[in-house]
Amino acid sequence: MTADVLRRPALAERQARMAVALLFFTNGALFANLLPRYPQIKADLGIGNAAYGLAVAAFPAGAIAAGLTAGVLIRGFGSARVAVACTLLTGVGILVAGVADSVLLFAGALFLAGAMDAITDVAQNAHGLRVQRRYGRSIINSFHAIWSIGAVTGGAMAAGAIALGLSRGQHLSISLVLFVVVACVALRFCLPGPDADPASEPVLDGDAGRRKPRSVGGLRTAWMLAALVVIATAGTLVEDAGSSWAALYLSDSLHASVVLAASGYVALVGAQFVGRLVGDRLVNRFGQRAVARAGGLITAAGMGTALAVPTVPGTIAGFAAAGLGVATLVPAAMHEADELPGLKPGSGLTVVSWLMRLGFLLSPPIVGLVADATSLRVGLLVVPLAGLLVLALAGVLRARPR
């Protein structure tokens, strides 16, 4: 492949970028359709905060149980096919969870959905990084921005379904069919052939310096990988606070209407989308380290203020600040981990993607237990604490690009 082609991506590569964007959109929208239904499901099942927290923790538990299988599946069937197949199974799990009539079935369906979502996540990021290498410049944040659009769309769809009086079965069946069709269409335009070793992917001459991994030793690599896992986990912990608890906190603690309570999560992912939309430009100008530190400060200050002075508008704004603050954390950690020296190709990405799910696994039961012992307001202190954690560890990320 010539340098001229690499400088201006071919039609197939531009189509592949759009296809990956559709996969990210679908992934964000599917699960977001279920989240605003959580208060209704919790009420219908008649469970407390602790039991609810343990039940929704089945989603990240399934992700952790299945996450390490993603690499094997991708090598065997290709990242695009794996992403689409697991999207279908994720949607099935979400539908069953939405209509479950027992806590056991609810948790079991979330376990399936979480397992399939974890594999989808690795597969679509692997394909997205493959497309990025063809482009020769950073585009990974744009894919995660599209995921946020999907999440906002899914949350809005759910709020609309609630307002229209659709049953959970009707609503989630429509969502499943719609987004599986979108994913299948996207598959037609993904990059053909097997997923190659990242080192063998072509890059622009001008981009080679930016992609050159830092020269570090084995222990240093291990420390950096661990820190990247924590940074990514902090980002997912904040996302989980919005997905699992925002609607409950606004409706139960602050007495917001059901439709308005859905705005907390929508505000978080909406602001997250804005942060990811401008993320590549900010990182290219200021470096990932500065961007992450600024985000940690925004998260800690924004949500900390919202919890200190609890109001419905202030809390929605606090979740928005948290979403903006963590916008680039997961893409940054994945990209950095994928280029760490001393690791097999793809190993860093798989490890970070797998272990960051601990944030989703540990957060719901911890917040639920704290909420039952004190209040949900106290439990949500995990959000500003996550921001402070990012401030402390952001030094492992790159400073300004050369």
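## A buried arginine to start with

Let's start with Arg 276, which counts as buried at 2% relative accessibility (buried means under 20% relative accessible area, exposed over 50%, and partly exposed in between, with a 1.4 Å probe and protein chains only). Its side chain meets that of Glu 239 in a salt bridge, 3.5 Å from N to O. For a salt bridge, a side-chain nitrogen of Lys or Arg has to be within 4 Å of a carboxyl oxygen of Asp or Glu. The pair links distant parts of the chain, 37 residues apart: Glu 239 is in helix H12 (residues 218-253) and Arg 276 in helix H14 (residues 263-277). Glu 239 is buried too, with a relative accessible area of 11%.

A word on what you're looking at: this is a predicted model, where local features need pLDDT of at least 70 and side-chain atom pairs count only at pLDDT 80 or more, while totals for chains, interfaces and linings use all residues. Residues are numbered from 1 along each chain as its sequence is written, and side-chain values use heavy atoms, leaving out hydrogens and water.

## The other salt bridges

The structure holds 3 salt bridges. Another of them joins Glu 13 and Arg 134, whose closest N and O atoms are 3.2 Å apart. Glu 13 lies in helix H2 (residues 11-32) and Arg 134 in helix H8 (residues 103-135), so this pair ties together parts that are 121 residues apart in sequence. Glu 13 is buried, at a relative accessible area of 3%, and Arg 134 counts as buried at 18%.

Then there's Asp 44 with Arg 168, where the closest N and O atoms are 3.0 Å apart. Asp 44 sits in helix H3 (residues 38-45) and Arg 168 in helix H10 (residues 168-187), so parts 124 residues apart in sequence get tied together. Asp 44 counts as exposed at 57% relative accessibility, whereas Arg 168 counts as buried at 15%.

## Where H6 crosses H7

Now for a pair of helices (DSSP runs of H or I, at least four residues, numbered from the N terminus). The axes of H6 (residues 70-77) and H7 (residues 79-99) come within 7 Å and cross at roughly 120 degrees. That makes H6 oblique to H7; under 35 degrees counts as roughly parallel, over 145 as roughly antiparallel, 65 to 115 as roughly perpendicular, and the rest as oblique. These axes are lines fitted to C-alpha atoms over the stretch in contact, with angles running from 0 to 180 degrees between N-to-C directions.

In H6, Leu 73, Ile 74 and Phe 77 meet Ser 79, Arg 81 and Val 82 of H7, contact meaning heavy atoms within 4.5 Å. The residues of this contact divide into 4 nonpolar, 1 polar and 1 charged (Ala, Val, Leu, Ile, Met, Phe, Trp, Tyr, Cys and Pro count as nonpolar, Asp, Glu, Lys and Arg as charged, and the others, Gly among them, as polar).

Methods
Helices (H or I, at least four residues) and strands (E, at least two) are DSSP runs, numbered from the N terminus.
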